[in-house]
Amino acid sequence: MNEKERMLAGLPYKAWLDGLTEERDENKKRIYQYNRLFPEQKEEQMKLIKEILGKCGEEVFIEAPFHCDYGYNIEVGENFYANYNLTILDVGKVIIGENVLIAPNVSIYTAGHPIHPDSRNSGYEYGIEVTIGDNVWIGGNTVINPGVHIGNNAVIGSGSVVTKDIPDNAVAVGNPCKVVRFIGEEDRRYYYKNKEFDVTDYHVKFNRKDENK
């Protein structure tokens, strides 16, 4: 296998060989262009983000600035929204489900380096896949480390460092990020802590897919 094939297989690889530097440079040009579009250039934004990402739904928006290594290793589902300063080191696959919200200053890292200095100084690094399920909300300033799987419907609190898998329906927070409770039917009543919904159309807007119907 060449170095790109090793990278995509999650094996130790050297990031400057077999055209990888050139691929990153080409993606940097697309990212540079995306981050400098005017706010009213909605069509150009949508067209370019679909060129950057490997796979995405029709309704996808990422606020500028956005940064990633390759782009083609990132897959996002329908109704994806990411706020300012999303950084994805997509050496390995990053697969994100539908109806996912990402707050500002979130970093998703598939890339890593060996622990021992001799191994690290060899120049070899690695990328391990990160997956995020459907209906997930990632709070601001969260870091997601290589190999992590975040389950469906999970909420990750602001400032978390996610080093291990998070199960479905969990609220998790902290450094390292840990489950503090699970989401239940009672949570439907509230929009923030103990503040209850007071709107009559809540049953329609509960599912974001219905908002534009």
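Student: How far is the sulfur of Cys-68 from the closest cysteine sulfur?

Tutor: In this predicted model, the closest cysteine sulfur to that of Cys-68 belongs to Cys-56. A disulfide needs the two sulfur atoms within 2.5 Å, and the separation here is too far for a bond. The distance asked for is 12 Å.

Student: How many disulfides does the count come to?

Tutor: A disulfide is a covalent bond between the sulfur atoms of two cysteines. Cys-56 is in no disulfide, since the nearest cysteine sulfur, that of Cys-68, lies 12 Å away. By the cut-off of 2.5 Å, the count comes to zero.

Student: Is Cys-68 buried or exposed?

Tutor: The relative accessibility of Cys-68 is 9%, and the word buried applies under 20%. Cys-68 therefore counts as buried.

Student: What is the relative accessible area of Cys-56?

Tutor: Cys-56 is described as partly exposed, a class that lies between the limits of 20% and 50%. Its relative accessible area is 23%.

Student: Which word describes the direction of helix 2 relative to helix 3, parallel or antiparallel?

Tutor: Helix 2, residues 20–35, packs against helix 3, residues 42–52, at an angle of about 160°, and their axes are 10 Å apart. Angles over 145 degrees count as roughly antiparallel, so helix 2 is, relative to helix 3, roughly antiparallel.

Student: How many charged residues are in the contact of helix 2 with helix 3?

Tutor: The residues making the contact include Arg-30 and Ile-31 of helix 2, and Leu-48 and Glu-51 of helix 3. By class, the contact has five nonpolar and three polar residues, and the number of charged residues is two.

Key:
Residues numbered from 1 in each chain as written. Predicted model: local features only at pLDDT ≥ 70, side-chain atom pairs only at ≥ 80, totals over all residues. Heavy atoms only, no water. Buried < 20%, exposed > 50% of the residue type's maximum accessible area, 1.4 Å probe, protein only. Axes fitted to C-alpha atoms, helices over the stretch in contact; angles between N-to-C directions. Helix = DSSP H or I, 4+ residues; strand = E, 2+ residues; numbered from the N terminus. Parallel < 35°, antiparallel > 145°, perpendicular 65-115°, else oblique. Contact = heavy atoms within 4.5 Å. Nonpolar A, V, L, I, M, F, W, Y, C, P; charged D, E, K, R; others polar.
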